[in-house]
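The following exercises ask the reader to work through selected features of a two-chain model. Each task is followed by a solution in steps.

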Amino acid sequence: MTRRLVPVVPCSGIGKSLGAVAREAAYVLAEDLRPGKAGVVALSLLVLGDSDTRAAVAGRAAVAIDGCKLECAAKGLGASGAGRVCKVAVFDVVRRHRGLKPEGVTDLNDDGLKLARAAAEEALKFVDEAAGEDDDA
Amino acid sequence: MPNLPKRKVGLIACSGEELAEGTVTRRAVRKVLETLRPDDTVTLCLPLFLAGGAGERTFAQHYPTIAVDGCQKRCAALATEKYSAKPAASIVVSAIAADIGCGYIGTARRLNKDGNRLADAVAERIAAETDRLRKGESRASAEGAGRERGP
C-alpha cells in the first residue's frame, strides 16, 4: 500500500527572509524529519485550483507554514477544502527564538536555517498524528 | 518638467515548491531584482492574488508584469490573468532549459551547477523582457506627449 503523505504547504513569498524560512521549514519537515510521512505541495497549484493538487488536500489534515500575517498558505489550504490545518507562523516562531536573526531570501543565513528547523519541529506531532490517522483509514 | 515616479515592471514567480524549476524561478527573479534591474522591477507575491492582496491585484492591473513559471502548467501567468490582468510577458523555465541544453538541475531544495546556470539564463531573459517593456513604454509615452502638443 502506498502511504499518502501529509501535505505541507509553505509560503511562496520571495520578498522577505521569513518566506524563505517557511519554505526551508517545509523541506526540513518533509525531507529531513518526516520523510515518507510528509510531502511538500506547491502553493501556486492550490492558488490556481489544480485539480490533482486539490484532490490531494481535500478533506485531509495538512500543514501550512506561513511567513507573514497574511497567511496565504493557510488560506490556500482552507479554500481548497483541507481538513484540520496545523498553522505554523514563522513570525511567531521568531518571537520564541529571539536570538535568531534570519537574513537572505535566495540563500538563508545560518540563523535562518536554525529558525526553519525550529518551525518544522512545531509541526512534528501534528504530522505524526495525521499520518497515523491515514494509516488507520 | 516634474520628477514623476518611475513605472516599474512587476515580476511574478510561480515559486513552485515541489519542483526544481520552481526554485529556478525564485532565484532568477531575485537576481533581476537585486542585481540586473533593481531600479526597474518589483516582485509580486502570487498567493496574495488569492488571499486578496489589493496592492498586488491593483499593481498588475495598471503596470506591466512578467510571469515566470517553472512548468507548462503556467500557474503564475494564469493566476495573474485570473485575478488581475494578463501579464505583458510570460517566461517558462522548462522551455529555456530545453533551449540551453540543461540536464538534471538538482532538487527543489538545492539546485546544482546546471540549475544555477539555468537560473542565470532565465534572469537574463527576464531582464531582456523588462528592457523591452520599458522601451515600449517610453516610446508610447513620447508618442503620447507628441499628441498632446499637437492640434
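**Exercise 1. Determine which residues Leu18(A) contacts beyond its neighbours within four places in sequence, and characterise its surroundings.**

Solution. The model is a predicted one.

Step 1. Beyond the neighbours within four places in sequence, Leu18(A) is in contact with Gly67(A), Cys68(A), Val90(A), Phe91(A) and Pro102(A).

Step 2. Leu18(A) belongs to helix H1 of chain A.

Step 3. A residue is classed as buried when 20 or more other C-beta atoms lie within 10 Å of its own. Leu18(A) has 23 such neighbours and therefore counts as buried.

Step 4. Contact in space may be set beside separation in sequence. Leu18(A) and Val8(A) are 10 residues apart along the chain, and their C-alpha atoms are 16 Å apart.

**Exercise 2. Describe how H1(A) and helix H6 of chain A pack, giving the angle and the distance between their axes.**

Solution. Step 1. Two packed helices are described by the angle between their axes and the distance between the axes. For H1(A) and H6(A), which spans residues 110-121, the angle is about 60° and the axes are 8 Å apart.

Step 1. Angles of 65 to 115 degrees would count as roughly perpendicular, and those under 35 degrees as roughly parallel. H1(A) and H6(A) are therefore oblique to each other.

Step 2. The crossing of these two helices, H1(A) and H6(A), is right-handed.

Step 3. On the H1(A) side, the residues that meet H6(A) are Ser17(A), Ala20(A), Val21(A), Glu24(A), Ala25(A), Val28(A), Leu29(A) and Leu33(A). Their counterparts in H6(A) are Gly112(A), Leu113(A), Leu115(A), Ala116(A), Arg117(A), Ala119(A) and Ala120(A). By class, this contact comprises 11 nonpolar, two polar and two charged residues.

Step 4. With 22 other C-beta atoms within 10 Å, Val28(A) is buried. Leaving aside neighbours within four places in sequence, its contacts are Leu33(A), Ala116(A), Arg117(A) and Ala120(A). Val28(A) and Ala123(A) lie 95 residues apart along the chain, with a C-alpha separation of 11 Å.

**Exercise 3. Outline the architecture of chain B and state where its pLDDT is below 50.**

Solution. Step 1. Chain B has six helices and four strands. Along the sequence they follow the pattern β-α-β-α-α-β-α-β-α-α.

Step 1. Of the 151 residues in chain B, 44% are buried. Among contacts with a separation of 6 or more, 65% join residues 24 or more positions apart.

Step 2. The mean pLDDT of chain B is 86, and 85% of its residues reach 70 or more. Over residues 143-151 of chain B the pLDDT is below 50, and this stretch has zero contacts in the model beyond near neighbours in sequence.

**Exercise 4. Examine three loop residues of chain B, Ser15(B), Arg74(B) and Pro64(B): where does each lie?**

Solution. Step 1. Most residues other than glycine have a negative phi. Ser15(B), although not a glycine, has a positive phi of about 70°. Ser15(B) sits in the loop between strand S1 (9-13) and helix H1 (20-36) of chain B, and is buried, with 29 other C-beta atoms within 10 Å.

Step 1. Arg74(B) also has a positive phi, near 50°. The loop that holds Arg74(B) runs between S3 and helix H4 (75-83) of chain B. Arg74(B) counts as buried because 20 C-beta neighbours lie inside 10 Å.

Step 2. Pro64(B) lies in the loop between helix H3 (54-62) and strand S3 (65-69) of chain B. Pro64(B) has 20 C-beta neighbours inside 10 Å and so counts as buried. Apart from neighbours within four places in sequence, Pro64(B) contacts Val9(B), Ala88(B) and Leu133(B). Pro64(B) and Lys86(B), 22 residues apart along the chain, have C-alpha atoms separated by 8.9 Å.

Methods:
Residues are numbered from 1 along each chain as its sequence is written. Chains are lettered from A and ligands numbered from 1 in the order in which they are written. This is a predicted model: local features need pLDDT of at least 70, side-chain atom pairs count only at pLDDT 80 or more; totals for chains, interfaces and linings use all residues. A residue is buried if 20 or more other C-beta atoms lie within 10 Å of its own, exposed if 12 or fewer, and partly exposed in between; C-beta atoms are placed from the backbone. Two residues are in contact if their C-beta atoms, placed from the backbone, lie within 7 Å. pLDDT is the predictor's confidence in each residue, from 0 to 100. Axes are lines fitted to C-alpha atoms, for helices over the stretch in contact, and angles run from 0 to 180 degrees between N-to-C directions. Angles under 35 degrees count as roughly parallel, over 145 as roughly antiparallel, 65 to 115 as roughly perpendicular and the rest as oblique. A crossing is left-handed if the near helix is turned anticlockwise from the far one by less than a right angle, and right-handed if clockwise. Ala, Val, Leu, Ile, Met, Phe, Trp, Tyr, Cys and Pro count as nonpolar, Asp, Glu, Lys and Arg as charged, and the others, Gly among them, as polar.
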